[in-house]
Amino acid sequence: MKAAKANFNYQKYTAFPKVHLPDRQWPERVITQAPQWCSVDLRDGNQALIDPMQVEQKERMFDLLIKLGFKQIEVGFPAASQPDYDFVRLLIEENKIPADVVIQVLTQARPALIKKSVQALQGSRHAIIHLYNSTSKVQREKVFGLSKPEIIQLAIDGVHAIKQEISLYPKTKWQLEYSPESFTGTELDFSIEICNAVIEAWQPKVENKLIINLPATVEMSTPNIFADQIEYFCRHIQARELIEISVHTHNDRGCAVAAAELAVMAGADRVEGTLLGNGERTGNMDIVTMAMNLYSQGIDPKLDLACVNEIIHTVESCTHIPTHPRHPYVGELVYTAFSGSHQDAIKKCLATYQENEVWDIAYLPIDPKDLGRSYEAVIRINSQSGKGGVAYILENYYGFKLPAWLQIEFAKKVQEQTESLARELKSAEIIDLFHACYLQDSCAKVLEYHLERQAQEMLQVKFVVNHEVVILKGQGKGCLHALTQAIGEYLHAEIQIQEYSEHTLGKNSQAKAVTYIKLSIEDRIYTGVAVNEDVLSANLNAVLAALTFELEAAHLQVEKATG
């Protein structure tokens with residue numbers, strides 16, 4: 001069947017109207033403390049799943065939320081779902097709710113649903129009844145066919161029904177949350193009018209504030225306009241000191257986190273969302289991302305997100321939704337650099353960083369270790385990688401501190417390998433390639449040496465080339481000079497040391513020495529690397545490794561001449 005042609009026509013849409021707020025204050029404000037968080041993973045997040053959570057999964061999610069430090073958790077819609085009702089009862093009857101945690105349930109403004117919701121919460125120490133009804137223009141006119149006064153009366157009747165039902169359970173501390181659903185599509189003055197009517201009907205007190213939740217049920221504007229809506233609402237709502245302003249942003253425009261942050265700047269006290277942004281359509285506000293945004297600015301997020309791998313595992317197993325590898329803060333690749341320039345900058349910054357300093361590392365907004373990640377994932381190697389990344393892998397995983405000239409040389413070999421394989425190289429493959437290039441068993445090796453220090457150093461060295469023993473003698477300003485002089489005479493060529501570097505491979509008394517050397521013989525350049533418990537042996541073996549090809553060629557010529 002031929003696919004229908006898309007009618008891609010921007011003229012079907014109109015710009016969202018701006019809010020008249022010429023003296024807006026929120027752009028000059030900064031967030032200095034975390035809002036009150038409320039997780040809706042078990043309700044809003046659950047209803048968005050293809051396969052809603054089973055009881056065991058809900059318990060795991062609830063336990064995780066408690067561990068992370070949530071004090072308010074919306075646990076279900078018990079009037080609309082028997083599994084939700086049963087889960088709420090399980091939490092209460094099995095005493096699974098900590099004393100400092102408040103559970104919340106959602107209900108529409110309908111008496112029968114309110115009655116069942118309150119019954120689900122009976123026996124709880126402290127509970128929030130979350131009442132909502134749709135208030136937007138499009139819902140009023142095209143869905144319900146109700147006038148503004150009729151919509152207001154629905155909300156008031158819902159409040160009265162709640163007051164009547166909760167009077168039967170005086171031992172529970174009851175708190176009301178009211179949401180004018182689709183707040184962003186509701187005229188601001190009408191949203192204020194209906195919320196004022198709810199305030200009048202409920203009569204909140206300072207010690208038990210009413211929560212007014214302003215949801216971007218559908219994200220319809222840029223975050224700055226949403227912030228204007230929140231500031232305007234906060235300015236004009238009555239009894240502001242008796243209410244908590246909450247926001248519940250969705251991600252239809254991809255700006256849910258930004259909208260929530262700006263809403264807090266505009267006066268919101270509380271934020272609803274889900275752990276990794278799961279929710280209807282493009283998702284809910286991602287609490288992990290917003291909390292970590294605060295954390296990265298030196299603000300206590302009031303949530304402990306150090307166990308990020310546990311968070312990901314639990315959320316994925318409960319929702320069956322994989323975490324994107326580029327998901328902010330928690331994705332597999334968010335602390336990974338493939339670019340050569342990025343890798344080099346990270347390597348240099350980490351080399352100078354001292355524990356407990358202010359974090360200031362190029363390309364890493366936070367320390368991966370804070371989330372239980374190691375630096376092992378920071379740099380990964382593909383065809384776009386450079387010398388800094390390769391050097392980082394070899395130093396931090398295997399202890400080889402390559403000098404700059406060898407970083408450049410070996411990085412080219414790594415790039416050739418990645419391009420040949422058309423994929424990234426694992427760290428084990430990089431060290432294998434390093435061994436293959438520089439630490440082969442086939443290299444010439446010192447069997448024994450004798451060094452005498454006189455006016456010049458006198459060296460006698462015995463080594464193996466092509467399974468044959470060679471003994472050479474030389475003298476020079478040091479053992480390396482003496483050896484290159486001896487080999488130069490043997491090869492009838494001048495040998496010059498171009499570069500030299502050495503360090504210990506390890507930190508204990510049993511640490512080995514590693515030597516890196518670059519030599520020139522006539523117009524040819526060779527590199528040698530050697531590792532040995534003895535520093536002098538490492539130096540001598542590095543020279544032999546560099547000159548193995550020349551030594552083997554000379555030995556073969558001798559064999560032919562004598563054969």
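A search of the whole structure finds 26 salt bridges. The term denotes a side-chain nitrogen of Lys or Arg within 4 Å of a carboxyl oxygen of Asp or Glu. Side chains of opposite charge can pair when their charged atoms come close.

Please keep in mind that this is a predicted model, in which local features need pLDDT of at least 70 and side-chain atom pairs count only at pLDDT 80 or more, while totals for chains, interfaces and linings use all residues. Residues are numbered from 1 along each chain as its sequence is written, and side-chain values use heavy atoms, with hydrogens and water left out.

One joins the side chains of Arg 140 and Glu 187, at 2.9 Å from N to O. Arg 140 belongs to helix α5 (residues 137-144), whereas Glu 187 sits in the loop between β5 (173-181) and α7 (188-202), so the pair ties together parts that are 47 residues apart in sequence. As for these labels, helices (H or I, at least four residues) and strands (E, at least two) are DSSP runs, numbered from the N terminus.

Is Arg 140 buried or exposed? Arg 140 is buried, with a relative accessible area of 4%, while Glu 187 is partly exposed at 28%. Here buried means under 20% relative accessible area, exposed over 50%, and partly exposed in between, with a 1.4 Å probe and protein chains only.

Another salt bridge pairs Lys 302 with Asp 300, and the closest N and O atoms are 3.4 Å apart. Lys 302 is exposed, at 55% relative accessible area, and Asp 300 is partly exposed, at 45%.

The next example is the salt bridge between the side chains of Arg 524 and Glu 550, at 2.6 Å from N to O. This pair links distant parts of the chain, with Arg 524 in strand β14 (residues 524-532) and Glu 550 in helix α17 (residues 535-562), 26 residues apart. Arg 524 is partly exposed, with a relative accessible area of 29%, but Glu 550 is buried at 11%.

I turn now to the annotations. An unreviewed UniProt entry gives the annotation "domain: Pyruvate carboxyltransferase" for residues 35-309. UniProt positions are given in the numbering used here, feature names are shortened, and annotations may be inferred rather than shown by experiment. Over residues 35-309 the chain is 44% helix and 19% strand, and its end C-alpha atoms lie 24 Å apart.

The unreviewed entry also carries the annotation "binding site", covering Asp 44, His 248, His 250 and Asn 284. These residues span 241 residues in sequence, yet no two of their C-alpha atoms are more than 10.7 Å apart, so they gather at one spot.

Consider Asp 44, found in helix α1 (residues 41-47). Asp 44 is buried, at 4% relative accessibility. Leaving aside neighbours within four places in sequence, the contacts of Asp 44 (heavy atoms within 4.5 Å) are His 248, His 250, Gly 279, Glu 280 and Asn 284.

Where is Asn 284 placed? Asn 284 lies in the loop between β8 (270-273) and α10 (287-295), and Asn 284 is buried, with a relative accessible area of 3%. Beyond four places in sequence, Asn 284 touches several residues, among them Val 40, Thr 249 and Ala 256. A polar contact of 3.0 Å joins the side chains of Asn 284 and Asp 44. By polar contact I mean a pair of N or O atoms within 3.5 Å; within protein, one must be able to donate a hydrogen and the other to accept it, and residues adjacent in sequence count only if both atoms are side-chain atoms.
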